[in-house]
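Please find below a note on the model under review. The points are set out in order, beginning with the interface.

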Amino acid sequence: MAKITENTRNEVREAVIAFFAEECETDTSQIHDHTNIIRDLDGDSLMFLELIEIFKKKYNLDIELKTIGKYAVKHPVQTIGQLIEMQLLVIEHENRLLELDK
Amino acid sequence: MADRIVISGMGIVSSLGYELDSFWKNLADGKSGVKKISLFDASSLATRIAAEVPRDFEEYSRTYVKKRAAGQMTRVTRMCMVAAKQAVADSGLDFGKEDKTRCAVVMGVVNTGNSSIEQDTSPQNTVFKSMTNSMPAWVSLEYQLLGPSMAINTACASSAYAIATGMQMIQNGMADIVIAGGADSIINPEEISGFNALYALSVANEPPEAACRPFTASRDGFVIGEGAGVVILESEKHALDRNAALYCELAGYGLTSEGYNIMAPMKDGEGMAATMVKALQNAGVGTHEVDYINAHGTSTELNDRYETMAIKKVFGERAYDIPVTSSKSMIGHTIGAAGAIEAIITILSIKNKTLTPTINYTDPDPDLDLDYVPNKSRPMDIHIALSNSFGFGGHNATLVFRKYPEI
């Protein structure tokens with residue numbers, strides 16, 4: 001289990017916002033915690049998977065996609081803020097993510 | 001009496017332009033889009049020429065397709081999107097005011113162009129780029145349309161079939177509006193090698209612009225083109241209710257299968273003739289009424305011979321009075337897009353009262369003796385026109401267009 005520092009939190013936030021700004025051709029200043037990924041950014045579900053891959057490599061995570069899928073079914077992500085929190089949980093708990101629901 | 005089906009918008013991407021006006025001017029001027037292949041190194045191939053969409057299309061397409069979606073599309077699918085969005089804009093449609101459950105999309109798709117020359121494909125995007133339903137899917141997504149959305153593959157007749165199917169949908173009461181057409185490119189090493197092995201392609205590489213020579217004695221095969229063509233079909237009532245400007249009426253169609261050979265057309269053009277007869281019957285048009293035929297006209301030995309024989313079978317002595325043109329002499333054979341692109345040329349010919357030429361017609365084949373509108377465009381007030389599309393596997397389609405209004 002990784003400890004989430006303020007530095008990690010900032011890194012994840014910046015990476016997520018930069019990713020959406022690049023892919024959705026939007027200025028980073030237009031992306032906030034409450035920004036809706038589908039409605040406001042015209043994003044898609046595949047972007048979530050691409051971000052998972054980015055963070056898996058960056059933090060050398062031991063996490064299976066199906067684990068994230070099962071968690072996301074119970075905790076749907078709609079906004080940038082929710083997505084950042086989900087990514088932080090993935091980094092922190094990796095394959096033990098589902099234990100949070102027990 | 002059944003409601004008429006009209007054309008209210010069109011969009012084009014081709015080797016001779018991305019906008020209707022410039023495309024038409026180039027055609028009327030008899031220009032050729034055929035050049036040396038630049039999309040990849042073709043130096044080892046027997047055929048090294050094609051009618052490519054200009055390289056600045058990528059920059060042009062960015063105003064139509066967002067970066068994220070563009071990365072999930074092939075270059076060919078982007079051509080389809082540009083043509084579809086042009087057609088919608090041209091029609092003046094505002095889908096916010098339409099019942100989206102009654103708006104359909106039908107695209108002729110032979111393949112999506114996800115070949116070895118397609119670039120920047122991530123593992124995630126491989127599937128999206130290969131899906132043969134991707135073109136109609138993206139168009140439906142773009143406007144959040146909720147009616148039927150599908151792809152049709154009947155080889156070189158695909159997008160003519162798409163337009164005919166769109167007409168059926170409106171006539172059957174399934175839709176009020178259909179976005180119909182197609183896009184294609186087989187300009188890649190695999191397809192060119194394959195067609196070379198079938199001796200189907202021209203190998204007259206120098207000069208490129210003279211290679212496609214429909215109905216001449218020196219024709220030696222078709223020249224590959226690429227592009228997209230999309231039309232907006234509507235019931236006449238629907239179009240008039242919204243005060244749409246109309247190009248013409250789609251009066252009918254003929255669809256047949258030859259059941260004969262996977263590659264060669266049926267002997268003496270019997271299947272082609274049967275298709276034109278069906279189309280005329282479907283449109284309620286007599287042979288004496290047809291003013292112009294936009295031929296399939298591939299510049300292959302068999303097609304041009306049999307298509308000429310078929311026209312004579314259907315029209316008898318009148319065949320000699322009907323101008324027959326091959327648009328492929330200028331833009332090459334755009335395969336799955338050919339039916340729609342050539343339908344658009346036919347419609348523009350009606351609208352602009354001008355026949356576009358069959359270029360490179362320098363040495364007539366003595367056996368092929370119709371009026372092929374050699375080398376120069378010609379003014380003509382066209383009331384009824386046919387557009388022929390004949391595909392490998394014996395898939396045939398003829399579309400019938402009528403001037404609108406009929407005055």
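1. In this predicted model, the contact between the chains draws seven residues from chain A and four residues from chain B. On the side of chain A that touches chain B, helix α2 (residues 45–59) of chain A supplies the largest share, three residues. By class, that side of chain A comprises three nonpolar and four charged residues, with no polar ones.

2. Chain A contains four helices and zero strands, and its pattern along the sequence reads α-α-α-α. The radius of gyration of chain A is 13 Å, close to the 13 Å given by the globule rule for 102 residues, so chain A is as compact as a globular protein of that length. The C-alpha trace of chain A spans about 35 × 30 × 20 Å along its principal axes.

3. Of the 102 residues in chain A, 22% are buried. When contacts in chain A between residues at least 6 apart in sequence are considered, 70% of them join residues at least 24 apart.

4. Two packed helices are described by the angle between their axes and the distance between the axes. For α2(A) and helix α4 (residues 80–93) of chain A, the axes come within 11 Å and cross at roughly 40 degrees. The pair α2(A) and α4(A) is therefore oblique, and the crossing is right-handed.

5. Which residues of α2(A) meet α4(A)? From α2(A) these are F48(A), L51(A), F55(A) and Y59(A), and their counterparts in α4(A) are L83(A), Q87(A), V90(A) and I91(A). The contact of α2(A) with α4(A) has seven nonpolar residues, one polar residue and no charged residues.

Conventions:
Residues are numbered from 1 along each chain as its sequence is written. Chains are lettered from A and ligands numbered from 1 in the order in which they are written. This is a predicted model: local features need pLDDT of at least 70, side-chain atom pairs count only at pLDDT 80 or more; totals for chains, interfaces and linings use all residues. Helices (H or I, at least four residues) and strands (E, at least two) are DSSP runs, numbered from the N terminus. The radius of gyration is taken over C-alpha atoms; the globule rule is 2.2 Å times the number of residues to the power 0.38. A residue is buried if 20 or more other C-beta atoms lie within 10 Å of its own, exposed if 12 or fewer, and partly exposed in between; C-beta atoms are placed from the backbone. Two residues are in contact if their C-beta atoms, placed from the backbone, lie within 7 Å. Ala, Val, Leu, Ile, Met, Phe, Trp, Tyr, Cys and Pro count as nonpolar, Asp, Glu, Lys and Arg as charged, and the others, Gly among them, as polar. Axes are lines fitted to C-alpha atoms, for helices over the stretch in contact, and angles run from 0 to 180 degrees between N-to-C directions. Angles under 35 degrees count as roughly parallel, over 145 as roughly antiparallel, 65 to 115 as roughly perpendicular and the rest as oblique. A crossing is left-handed if the near helix is turned anticlockwise from the far one by less than a right angle, and right-handed if clockwise.
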